[in-house]
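Hi everyone, thanks for making the time. I'd like to walk you through one structure this morning, so please have a look at it with me.

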Amino acid sequence: MTSADLPHLEERWPVPGDVHAAHLRAQEHAAATFLVAWSGDEPLGSAKVQWGGPVGAAARDAYPEAVEVNHLQVREEHRGRGVGTAIIAAAEELCLARGRRQVAVGVGLENDGAARLYERLGYRRTGAVDTSEYDWVDADGTVHHEVEQDELLVRAL
């Protein structure tokens with residue numbers, strides 16, 4: 001993802017809360033790499049490769065050397081077509097290119113579908129669970145407060 005791509009991404013895939021720009025800012029500060037899967041000029045999904053390690057304290061303590069792939073999203077109309085798998089593969093390639101050998105993903109405890117996908121890709125459950133609390137804004141401008149518990153899954157490359 002480049003800053004030149006941002007206006008087109010925001011036009012084709014508007015997301016409340018300035019999320020795309022925030023991910024790009026993290027990339028510009030070398031804290032992350034913002035990946036976007038495209039089909040022509042249509043964005044299909046995205047993720048952020050968090051170079052500083054897992055976000056949650058329990059996950060970071062248990063796996064301090066891991067690179068965390070987070071904020072993985074595939075647009076609803078493109079799900080089930082291998083987009084998420086392709087994004088994870090691209091993230092893993094970036095990790096290997098930087099000499100990083102351990103990749104992690106956080107999965108909501110209630111998100112069995114995502115956990116199954118990651119397990120099929122070779123990730124294993126760790127039992128490291130963190131609770132995060134955040135606000136997000138929907139398309140109508142309504143602010144939602146969330147509390148979620150995520151388990152870290154890891155894969156050695």
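Let me start with a term: buried means under 20% relative accessible area, exposed means over 50%, and partly exposed is in between, with a 1.4 Å probe and protein chains only. Please keep in mind that this is a predicted model, where local features need pLDDT of at least 70, side-chain atom pairs count only at pLDDT 80 or more, and totals for chains, interfaces and linings use all residues. Residues are numbered from 1 along each chain as its sequence is written, and side-chain values use heavy atoms, with hydrogens and water left out.

Now, the salt bridges. By that I mean a side-chain nitrogen of Lys or Arg within 4 Å of a carboxyl oxygen of Asp or Glu. How many salt bridges does the structure hold? There are 7.

Take Arg 125, which pairs with Glu 119, the closest N and O atoms being 3.0 Å apart. Arg 125 is partly exposed, at 40% relative accessibility, and Glu 119 is partly exposed at 35%.

Then there is Arg 12, bridged to Glu 42 with 2.2 Å between the closest N and O atoms. Arg 12 sits in helix 1 (residues 6-12) and Glu 42 in strand 2, so this pair ties together parts that are 30 residues apart in sequence. Helices (H or I, at least four residues) and strands (E, at least two) are DSSP runs here, numbered from the N terminus. Is Glu 42 buried or exposed? Glu 42 is buried, at 16% relative accessible area, while Arg 12 is partly exposed at 33%. These two also belong to a network of salt bridges with Arg 75 and Glu 77.

On to helix 4. Which residues of helix 4 are buried? Among them are Val 83, Ile 87, Ile 88 and Cys 95. Their cover includes strand 1 (32-39), strand 3 (67-74) and helix 5 (112-120). After helix 4 comes Gly 99, with a positive phi near 75°.

Last stop: Leu 121, in the loop between helix 5 and strand 5 (124-137). Leaving aside neighbours within four places in sequence, Leu 121 is in contact (heavy atoms within 4.5 Å) with Thr 85, Ile 88 and Arg 155. Leu 121 counts as partly exposed, because its relative accessibility is 21%.
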